[in-house]
Amino acid sequence: MVLVERSAAERAAIAAAASPLARKAAAIDRIVASVRAHPILAIAAAAAVALGRGRLLDWVTRGAAAYSLLRRI
């Protein structure tokens, strides 16, 4: 019985120590799931970070104008 009690105590200690890691893994899993669900938004967010807000606005304006012209053709 002593071994069973010691094993239970060790399992509880391991679970308590792994709890912060499990929360971080769950947060990363939610981020990955949202990126898979909305890839266009993820690309836009990455572009915003890479280009900066001012340059991104220029590219969006140009893209909207090109899209509008191509739709009319």
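Hi everyone. Let me start with a definition: a residue counts as exposed when its relative accessible area is over 50%, and as buried when that value is under 20%. Keep those cut-offs in mind while we look at this chain, which is a predicted model.

Is Ile28 buried or exposed? Its relative accessible area is 54%, so Ile28 is exposed.

The accessible surface of the chain is about 6700 Å², and carbon and sulfur atoms account for 69% of that.

Next, the fold. The chain has 3 helices and 0 strands, and from the N terminus on, the order is α-α-α. Why do we call this chain more spread out than a compact globule? Its radius of gyration is 24 Å, well over the 11 Å that the globule rule gives for 73 residues, so the chain is more spread out than a compact globule. You can also see this in the C-alpha trace, which spans about 80 × 25 × 10 Å along its principal axes. And back to Ile28: its C-alpha atom is separated by 40 Å from that of Leu69, which is 41 residues away along the chain.

Finally, the side chains. There are 11 positive and 4 negative ones, and the centres of these two sets lie 17 Å apart. The structure has 0 aromatic pairs. Still, here is a ring to look at: the charged end of Arg62 sits over the ring of Trp59, 5.8 Å from the ring's centre.

Notes:
Residues are numbered from 1 along each chain as its sequence is written. This is a predicted model: local features need pLDDT of at least 70, side-chain atom pairs count only at pLDDT 80 or more; totals for chains, interfaces and linings use all residues. Side-chain values use heavy atoms; hydrogens and water are left out. Rings of Phe, Tyr and Trp (its six-membered ring) pair if their centres lie within 6.5 Å; planes under 30 degrees apart count as stacked, over 60 as edge-to-face and the rest as tilted. A charge sits over a ring if NZ of Lys or CZ of Arg is within 6 Å of the ring centre and within 35 degrees of the ring normal. Helices (H or I, at least four residues) and strands (E, at least two) are DSSP runs, numbered from the N terminus. The radius of gyration is taken over C-alpha atoms; the globule rule is 2.2 Å times the number of residues to the power 0.38. Accessible areas come from the Shrake-Rupley method with a 1.4 Å probe; for residues, only the protein chains shown count as cover. Lys and Arg count as positive and Asp and Glu as negative; His and the chain ends are not counted. The place of a charge is taken as NZ of Lys, CZ of Arg, CG of Asp or CD of Glu. Buried means under 20% relative accessible area, exposed over 50%, partly exposed in between (1.4 Å probe, protein chains only).
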